[in-house]
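Take a moment to turn the model around on your screen before reading on. The report below walks through it one part at a time.

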Amino acid sequence: MIQDIEKPFDNHFEPLAPQPEDVVLHYQGRAVLGRLEDACLVLPRLADYSKAPERTVFLFHIGDTAVHLALDEEIAIPQGFGYVNLGDLRLSPAHTSRFCAVAGSQLSRWYHEVRFCPRCGHPLELAPRSRELVCPECAYIIYPKIAPGIIAGVVDGDRIVMTRYARSGNIPWRWALVSGFTEIGESLEETVRREVMEEVGLQVKGLQFYKSQPWPYSDTLLAGFFCHLDGSDEIRTQRSELAEARWFHADEIGDERVDDTLSVTGEMIELFKHQGAGVFHS
């Protein structure tokens with residue numbers, strides 16, 4: 001999955017200034033400054049910049065490499081680099097730089113979108129020794145946004161429910177599993193039951209946690225569950241969100257997720273394709 005990288009990831013905050021060999025990220029919308037070499041993303045180091053960014057903040061370490069974010073709206077683009085769309089990286093080879101860029105984008109959005117105190121309206125400032133944004137006027141503290149959500153593999157024997165999201169113009173997307181965000185007051189298990197009922201009109205039981213993963217594309221921490229059908233197998237599709245939903249036997253599942261090295265959704269679909277109901281463990 002996207003977080004399965006070759007080097008250890010350490011997001012402990014330190015008030016570090018970038019050094020010449022450190023990675024310094026910059027974003028324009030949903031694109032990261034970088035270049036592709038053999039389909040793998042290469043990210044700029046501070047030494048690559050002819051003019052160093054004026055405002056930076058430390059993000060995390062990957063292995064021995066410190067990664068920083070340039071907060072400047074515009075920077076001097078290093079020679080040989082341009083902006084690479086983050087969506088285009090979803091099918092690129094698994095690589096540490098891919099995770100670095102996508103994880104960094106979540107923090108970049110937060111730093112750029114959260115600028116004023118929601119209590120008093122005063123401009124926020126970077127905390128000097130921790131990740132928070134703080135209000136110098138009323139001391140209000142804001143932490144990075146993480147939205148919990150679920151992926152649900154609804155299983156009935158050798159069948160699993162798969163869905164396709166509705167997109168603009170009603171263009172369907174690739175097959176996926178039931179998913180959704182956790183609401184206030186819910187446990188993750190309650191989210192599974194509610195989302196399955198809302199999206200496909202089914203009741204479930206026997207929930208079994210599979211795996212979790214960060215999903216920086218939507219500021220989400222995802223928890224994957226397999227669960228058994230409980231009662232009628234008649235699917236009632238939520239048309240406001242889904243273009244289609246239906247049961248698939250394991251041998252009917254195509255190969256479109258074979259190249260999905262990022263998501264817990266793809267991993268769960270592939271697992272069911274090869275193991276069927278064996279995905280449940282005792």
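## The largest nonpolar core

In this predicted model, the largest nonpolar core has 55 residues, and the members that touch the most others are Leu 25, Val 32, Leu 59, Tyr 111 and Ile 160. At least two core residues come from each of these elements: strands S2 (23-25), S6 (56-62), S7 (65-70), S12 (147-156), S13 (159-165) and S16 (220-229), together with helices H1 (96-113) and H3 (264-275). Helix H1 gives the largest share, eight residues. As general background, nonpolar side chains tend to be buried together in soluble globular proteins.

Leaving out residues up to four places away in sequence, Leu 25 touches Val 32, Leu 43, Tyr 49, Leu 59, Val 67, His 68, Leu 69, Ala 70, Cys 100 and Gly 104. Another core, of 20 residues, lies apart from the largest one, and its members include Val 154, Val 200, Leu 202 and Ala 223.

## A buried arginine

Now find Arg 109, which sits in helix H1. Is Arg 109 buried or exposed? Its relative accessibility is 13%, and the cut-off for buried is under 20%, so Arg 109 counts as buried.

The side chain of Arg 109 makes a polar contact of 2.6 Å with the side chain of Asp 219. Apart from neighbours within four places in sequence, the residues in contact with Arg 109 are Arg 30, Pro 216, Tyr 217, Ser 218 and Asp 219.

## Two open sheets

Strands of a sheet pair through backbone hydrogen bonds, either parallel or antiparallel. Phe 58 has His 68, in S7, as its bridge partner.

Another open sheet has three strands, ordered S9-S10-S11, with antiparallel pairing. Strand S9 (125-126) and strand S11 (141-142) are at the edges with a single partner strand each, so one side of each has no neighbour in the sheet. Two bridges pair S9 with strand S10 (residues 133-134) in the antiparallel sense. Opposite Glu 125 you will find Val 134, in S10.

## Helix H3

The buried residues in H3 are Val 264, Thr 265, Gly 266, Met 268, Ile 269, Glu 270, Phe 272 and Lys 273. Among the elements that cover them are S12, S13, S16, strand S15 (204-215) and strand S17 (242-249). After H3 comes Gly 276, which has a positive phi near 60°.

## The whole chain

The protein chain has three helices and 17 strands, and its C-alpha atoms fill a box of roughly 60 × 50 × 40 Å along the principal axes. Of the 282 residues in the chain, 48% are buried.

Among the contacts in the chain with a separation of 6 or more, 65% are between residues 24 or more positions apart. The accessible surface of the chain is about 14300 Å², and carbon and sulfur atoms account for 50% of this surface.

Definitions and conventions
Residues are numbered from 1 along each chain as its sequence is written. This is a predicted model: local features need pLDDT of at least 70, side-chain atom pairs count only at pLDDT 80 or more; totals for chains, interfaces and linings use all residues. Side-chain values use heavy atoms; hydrogens and water are left out. A nonpolar core is a set of buried Ala, Val, Leu, Ile, Met, Phe, Trp, Tyr and Cys residues joined through side-chain atoms within 4.5 Å. Buried means under 20% relative accessible area, exposed over 50%, partly exposed in between (1.4 Å probe, protein chains only). Helices (H or I, at least four residues) and strands (E, at least two) are DSSP runs, numbered from the N terminus. Contact means heavy atoms within 4.5 Å. A polar contact is a pair of N or O atoms within 3.5 Å; within protein, one must be able to donate a hydrogen and the other to accept it, and residues adjacent in sequence count only if both atoms are side-chain atoms. Two strands pair if DSSP finds at least two bridges between them. Accessible areas come from the Shrake-Rupley method with a 1.4 Å probe; for residues, only the protein chains shown count as cover.
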